[in-house]
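Please look through the sequence and the model shown here before reading on, and keep both in view as you go.

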Amino acid sequence: VDLGVGAITVAVSALAHASYSGVTGYFLGRAKFESMGPYWLPAGITLAATLNGVTSWVLRELPLMGTTGYAAWVGLVGAALLAGGTFVALFRIIRALNQRTLAGMAE
C-alpha cells in the first residue's frame, strides 16, 4: 500500500467534490435569483454528477490504461486537472457575474 498515493487521492477527491458542489451551488443560486426556466436546476445537477462520475472514472480506470502496469499518478494528474479546471472556470464565471452586478448597481 502506497500511503502517498492514498493521501494525494484524498486531496484530489476533496478538491473535486468542492468544485462540483460549487457548480451545483452556482446553478441553485442562479435559479433562485433569476428566472432560468424549469430545466436549469436539473441541468446543473446533471453537470455536477457527470463531472463527479468522470473524475471517479479517471481516478479508477486511467491508471490501468498504460502499458507499463498500474500508474496511479496518471489518474491523479488527470483528476486534479479536471477538478482544477472546473474550479477555475467556476471562479471566472462567478467573478464576471459579480462585476456585472456591481456595474448595474453603480448605474
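A residue is called buried when its relative accessible area is under 20%, exposed when that area is over 50%, and partly exposed in between, using a 1.4 Å probe and protein chains only. The structure is a predicted model, in which local features need pLDDT of at least 70 and side-chain atom pairs count only at pLDDT 80 or more, while totals for chains, interfaces and linings use all residues. Residues are numbered from 1 along each chain as its sequence is written, and side-chain values use heavy atoms, with hydrogens and water left out.

Begin with threonine 86, which counts as buried because its relative accessibility is 10%. Threonine 86 belongs to helix H3, where helices (H or I, at least four residues) and strands (E, at least two) are DSSP runs numbered from the N terminus. A polar atom of the side chain of threonine 86 lies 2.8 Å from the backbone oxygen of leucine 82. If we leave aside neighbours within four places in sequence, threonine 86 is in contact (heavy atoms within 4.5 Å) with Ser19, Tyr20, Val23 and Leu51.

Along the chain, serine 19 and threonine 86 are 67 residues apart, yet their C-alpha atoms are separated by 6.3 Å. Serine 19 has a relative accessibility of 3% and therefore counts as buried. Not counting residues up to four places away in sequence, serine 19 touches Ala83, Thr86, Phe87 and Leu90, and a polar atom of the serine 19 side chain lies 3.3 Å from the backbone oxygen of alanine 83.

Alanine 14, in helix H1, counts as partly exposed because its relative accessibility is 47%. Threonine 50, in helix H2 (residues 40–61), has a relative accessibility of 44% and so counts as partly exposed. Threonine 50 is 30 residues from tyrosine 20 in sequence, and their C-alpha atoms are 9.5 Å apart in space.

Finally, turn to the empty space. Rolling a probe the size of a water molecule over the atoms shows where such space is left. The largest pocket holds about 170 Å³ of space, and its lining includes Tyr26, Arg30, Phe33, Ile94, Leu97 and Thr101. The elements that give two or more residues to this lining are H1 and H3, and H3 gives the most, with 5 residues. A pocket, on a 1 Å grid over the protein atoms alone, is an open set of points where a 1.4 Å probe fits, with protein on both sides within 12 Å along at least five of seven lines, and lining residues have an atom within 4 Å of a point.

Conventions:
A polar contact is a pair of N or O atoms within 3.5 Å; within protein, one must be able to donate a hydrogen and the other to accept it, and residues adjacent in sequence count only if both atoms are side-chain atoms. Grid points are joined across faces, edges and corners, and a volume is the space filled by probe spheres set on the points.
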